[in-house]
Amino acid sequence: MSLTERILADFNVDVAIIGAGTAGLAAERKARAAGARTLLIDPHFSGTTCASVGCMPSKLLIAAGNAAHHVRAAGKFGIEVGAPRVDGPKVMARVQRLRDDFVSGVKKQIADLPDGVTVKASARFASPTELALDDGRMVAAKAIVIAVGSSPVIPPPFEDLGDTLITNETLFDLEDLPASVGVIGAGPLGLELAQALARLGVRVEVFDKSAQLAGLEAGEPETSLREALKDELGFHLNVEPEARRNGDGGVTVSWSENGETKEADFDRLMVATGRAPELDGLDLEKSGLELNENGGPVFDAATLQCGQSPVFIVGDANGDRPILHEASKEGTIAGANAASFPDVQSFERSTRLQVMFTEPNMAKVGAEPDEDTVVGKVDFADQGRARAMGVNQGVCEVYAKAHCGALTGATLVGPDAEHLAHLICWEIENGSKASDLLNKPFYHPTLEEGLKTALKQICKDIGLPKPDSRDDAELPGDFGSD
C-alpha cells in the first residue's frame, strides 16, 4: 500500500487483529505491550468460545451430571439414598448463570482496553495490508493477525433438521433437558457432553463413522474407555447415520449395523463432528497468501507467520492446536512477531497436552509412539486408591525413548488423568527419564502411584539401574481386584 493510500484509510495502525477470542485478545495485548498501535476488530465482542460455548459451560454441565451420578453410586459404599431427582430447568439455569458470569469477565477485559483499540465490525482483506470493514471504513496495517476462531461443522445429512438439531453452541441455551438426544460424533466434545447428559437422566446414543472412541488408536486405552462408558451410553460405531424430522416434533436417526437397518427416535440430535475455521468472508484471495487444500493460509507453527507476508494466523483459525492454552500462546507469539515485523522470531512450542473430561478422563500428552519407543502400562482396575474410591477403570500408557528412557508422551485413560497428564507433560519438558520420576517421592495411597507401575516397566525393559534406596515392591492395595 502506498503512503497516500495509508493516509486515506480510516484507521492507520501497526497491528490489526481480526477476532476478539482468546487468541486475538492475547495477540492484541502482546503487540500493544511491545509498543505497537493496535486495532482489535470483532463483529460481536460476545466473549471467547471457551467462556461462552466451550470449555466453561461444558464443565458446568459435566459437574451437574457427575453430582447426580455420585448420588446413584453411593450404594456401593454402603450409603443408601434414593434416586436423584434431576430438575432440568434448574440445571440449565445454573449452567447459564455461571456461563454468563464467565462471559462477563471477558467482556470486562475488553471494556477495559484503551480507547480506540476496538472497533465493532466484520473485516475482510482488500489487499495484503488493508482491511475493508462492513461499515465501509478501511484499515491500513503494517501487520495483520487472523484470529477469527471456528464454528461447528454440520455435515450435509443433518443440515435440514431445524430446531431439532443442537450443537455445543446451542445446547447450553436450552431451558430444559430433553428426554433423549442422539449424538453424532464420538470425539472428545461429543463424549463429554453425551456422558453429562446421560448422567442427568437423558437417554443418549452416540453414532460415529470411526470404529474407535475419542480419536484414539485401537489398543488397551481405547478399549478401557469404551468398557467404562458402555454402561452409560449406547454406542453405534463404524456407521454412517442419516436423520430426518419426524411427526412427533423430534428426529429419527437411521443407520446400518451388522447388515441390519436400524432406526431410533430422539427429541434432539446433537452434532459434534468437529469445528472448522471461520475463514469464509475474509476474501483471502485478496490477501496474496498461499492457501492449503482446505482453503486456509499456509503458515509456520513456530512463528505463526503466513509465508513471508505480514499476516499471521492463530488459534482455532489455523486449526493446528484448537485448545485454549495453545490459542493463548499462539496469540502471544503472533502479537510479538506482528509488532516487530519484518523481524520475525521462531518460538519453541509447548508439549502437546489434550484432556477429555469424561469419567474416566482421557488425555494425550507429547508424541505418539514409534519404532524407537518403549511403552509402560498401568491398569487402574487394580490400583489401590482407585479401588478405594470406586473409580478403578482405565488403562494408561507412558512412552519413553528406548535407548535412554527419556519420556516422550502418554495416552491416559483413568481417574483424574487430567492431573497425571500435567505431571507427565511437565516432566517431558524437563527432559526427565522414567527412572528420574520413579526416584521421586510418591505418597501412599494416591492415584499418582499408578504411574509407578508404568515407569517400572519402562526401566525394566531397557535396563535402567535401580538405586539401592528404592524399593519396587507392591504396596498394600496395589494388587488384586474387586
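**Aromatic pairs, a buried alanine and a nonpolar patch**

Good morning. I begin with alanine 194, which is located in helix H6, residues 188-199. Please bear in mind throughout that this is a predicted model.

Is alanine 194 buried or exposed? Its relative accessible area is 0%, and because buried means under 20%, alanine 194 counts as buried. Leaving aside residues up to four places away in sequence, alanine 194 touches Val183, Val204, Val206 and Leu233. A distance across the model may also be given from this residue: the C-alpha atom of alanine 194 is separated by 34 Å from that of histidine 444, and the two residues are 250 residues apart along the chain.

I turn now to the aromatic side chains. How many aromatic pairs does the structure hold? There are 3 of them. One of these is formed by phenylalanine 207 and phenylalanine 266, with 6.2 Å from centre to centre and 85° between the planes. The arrangement is edge-to-face, because that term applies to planes over 60 degrees apart. This pair links distant parts of the chain: phenylalanine 207 belongs to strand S10, residues 203-208, whereas phenylalanine 266 belongs to strand S14, residues 260-266, and the two are 59 residues apart. Both phenylalanine 207 and phenylalanine 266 are buried.

Phenylalanine 312 and phenylalanine 341 form another aromatic pair, also edge-to-face, at 6.4 Å centre to centre and with 85° between the planes.

To return briefly to phenylalanine 207 and phenylalanine 266: together with Trp255, they form one aromatic cluster.

Which residues make the nonpolar surface patch of about 340 Å²? They are Val71, Phe77, Ile79 and Val81. Phenylalanine 77 is found in the loop between helix H4 (55-72) and helix H5 (88-111). With a relative accessible area of 46%, phenylalanine 77 is partly exposed.

Thank you for your attention.

Terms used: Residues numbered from 1 in each chain as written. Predicted model: local features only at pLDDT ≥ 70, side-chain atom pairs only at ≥ 80, totals over all residues. Heavy atoms only, no water. Patch = residues over 30% accessible without salt bridge, like charges linked within 9 Å, V, L, I, M, F, W, Y side chains within 5 Å. Areas by Shrake-Rupley, 256 points an atom, 1.4 Å probe, with all protein chains shown as cover. Salt bridge = Lys/Arg side-chain N within 4 Å of Asp/Glu carboxyl O. Helix = DSSP H or I, 4+ residues; strand = E, 2+ residues; numbered from the N terminus. Buried < 20%, exposed > 50% of the residue type's maximum accessible area, 1.4 Å probe, protein only. Phe/Tyr/Trp six-rings, centres within 6.5 Å; stacked < 30°, edge-to-face > 60°. Contact = heavy atoms within 4.5 Å.
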